[in-house]
Amino acid sequence: MSHKTLIVDAGGTSTDWCMTDVAGNVIAQLQTEAVNMTVSARGVSDAIADAGALVKNAARIYYYGAGCVSPDQCGFVRTEFLRFAQNGVVVEVHGDMLGVARGLLGNRAGVACILGTGANTCLYDGEKIVGSIRPLGYILGDEGSGAALGKRFLKQLLRGGLHQSVSDIFYTETGATYYDIIENVYRGDKPNKYLGSFARFIHRHLDMPGMEDIVYDEFNSFCENFLVKYPDAQSCVCCGSIAYHFETQLKQVASRYGVTIDGIAASPVPGLIKYHLRHSLS
């Protein structure tokens, strides 16, 4: 059997597949659509089959996926990997929150956060998650996420609350209409991903009137609904596209709540490579 390790980070929008050799060197990478338990079981099976070459050549597979919160969900994903993997492969399936904690904190205790298409947080003791606050998803919660930013932006846009110059540029750049937006939000296949897509427009036009205020307001909501509810939390680490691209604003808002952000990463994969290499040698 080979000594290759496959690390899979399945977020809300995309999935990163990373194969490493025995020394931890990256030898193959692939990015696909989201492959997690927030999509259909059939979608998970098809995606694993599509990544067959990587799966078949791995001696160890470590999967971290959004929506993997119950033993049944984790068991299903593990079974699907075993269908395509070689005999004797080691397969571990965990939620994406543990992947961020391991990737950014290693074996240090602390608060870890996800700010991507969705949002999540946890209290990590250096080995396992020992506390969390329910994120509630993009309809009821996910404050600070890309979907929440998009929702806050669209509400102001569609109700005439944005500066006219911002509205003009938005409709010129996107060609979208009120009816297009409502259709995609309420009847589209992936409304959370659609809402999150507007974070790119916000980031491109942060210097325009009111745009940075949307970001500050959403990060205030993130801190109030998540960070301050961890007693004595003076620092945290954050992972995801929103944390990475809006780092300046996130750090400024967190500091108002007495929280220092010790680390920000777009992806937990580099840290997970080091984590699993270290633990394979221990």
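Two strands pair if DSSP finds at least two bridges between them. Helices (H or I, at least four residues) and strands (E, at least two) are DSSP runs, numbered from the N terminus. The model is predicted: local features need pLDDT of at least 70, side-chain atom pairs count only at pLDDT 80 or more, and totals for chains, interfaces and linings use all residues. Residues are numbered from 1 along each chain as its sequence is written, and side-chain values use heavy atoms, with hydrogens and water left out.

**Stop 1: the five-stranded sheet**

Select β6, β7, β8, β9 and β10. These five strands form an open sheet. Their order is β8-β7-β6-β9-β10, and the pairing is mixed. Now colour β8 and β10 (260-265), the two strands at the edges. Each has a single partner strand, so one side of each is left without a neighbour in the sheet. From one strand to the next, the twist averages 25°. Axes here are lines fitted to C-alpha atoms, for helices over the stretch in contact, and angles run from 0 to 180 degrees between N-to-C directions.

Zoom in on β6 (residues 110-115) and β9. They pair in the parallel sense, over three bridges. Show Cys-113: its bridge partner in β9 is Cys-238.

**Stop 2: helices across the sheet**

Contact means heavy atoms within 4.5 Å.

**Stop 3: α11 and its two partners**

Two packed helices are described by the angle between their axes and the distance between the axes. Keep α13 (residues 247-256) on screen and select α11 (residues 211-225). The two axes come within 9 Å and cross at roughly 45°. α11 and α13 are therefore oblique to each other. (Angles under 35 degrees count as roughly parallel, over 145 as roughly antiparallel, 65 to 115 as roughly perpendicular and the rest as oblique.) α11 passes α13 in a right-handed crossing. A crossing is left-handed if the near helix is turned anticlockwise from the far one by less than a right angle, and right-handed if clockwise.

Show side chains. From α11, pick Glu-212, Val-215, Tyr-216, Phe-219, Asn-220, Phe-222 and Cys-223; they meet Gln-249, Leu-250, Gln-252, Val-253, Ala-254 and Arg-256 in α13. By class, this contact has eight nonpolar, three polar and two charged residues. Ala, Val, Leu, Ile, Met, Phe, Trp, Tyr, Cys and Pro count as nonpolar, Asp, Glu, Lys and Arg as charged, and the others, Gly among them, as polar.

Now bring in α6 (residues 146-158). Its axis and that of α11 come within 10 Å, crossing at roughly 130°. α6 and α11 are therefore oblique to each other. Here too the crossing is right-handed, with α6 passing α11. Ala-148, Leu-149, Arg-152, Phe-153 and Gln-156 of α6 meet Met-211, Ile-214, Val-215, Asp-217, Glu-218 and Ser-221 of α11. This contact has six nonpolar, two polar and three charged residues.

**Stop 4: two loops with positive phi**

Select Asp-232, in the loop between α11 and β9 (235-239). Its phi is positive, about 65°, although it is not a glycine. Asp-232 is exposed, with a relative accessible area of 77%. (Buried means under 20% relative accessible area, exposed over 50%, partly exposed in between, with a 1.4 Å probe and protein chains only.)

Then go to Leu-136, in the loop between β8 (129-132) and α5 (137-140). Phi of Leu-136 is near 75°, again a positive value in a residue other than glycine.

**Stop 5**

Select β1 (residues 5-10) and β2. Six bridges join these antiparallel strands. They form a hairpin with three residues between them. Ile-7 stands opposite Cys-18 in β2.

Seven bridges join it to β2, and the two strands run antiparallel. Trp-17 stands opposite Leu-30 in β3. This hairpin has five residues between the strands, and Gly-24 there takes a positive phi near 85°.

β2 (residues 14-20) is mostly covered, with five of its seven residues buried. End on Thr-20, which lies in this strand. Is Thr-20 buried or exposed? It is buried, with a relative accessible area of 4%. Leaving aside neighbours within four places in sequence, Thr-20 is in contact with His-3, Lys-4, Thr-5, Asn-25, Val-26, Ile-27 and Ile-273.
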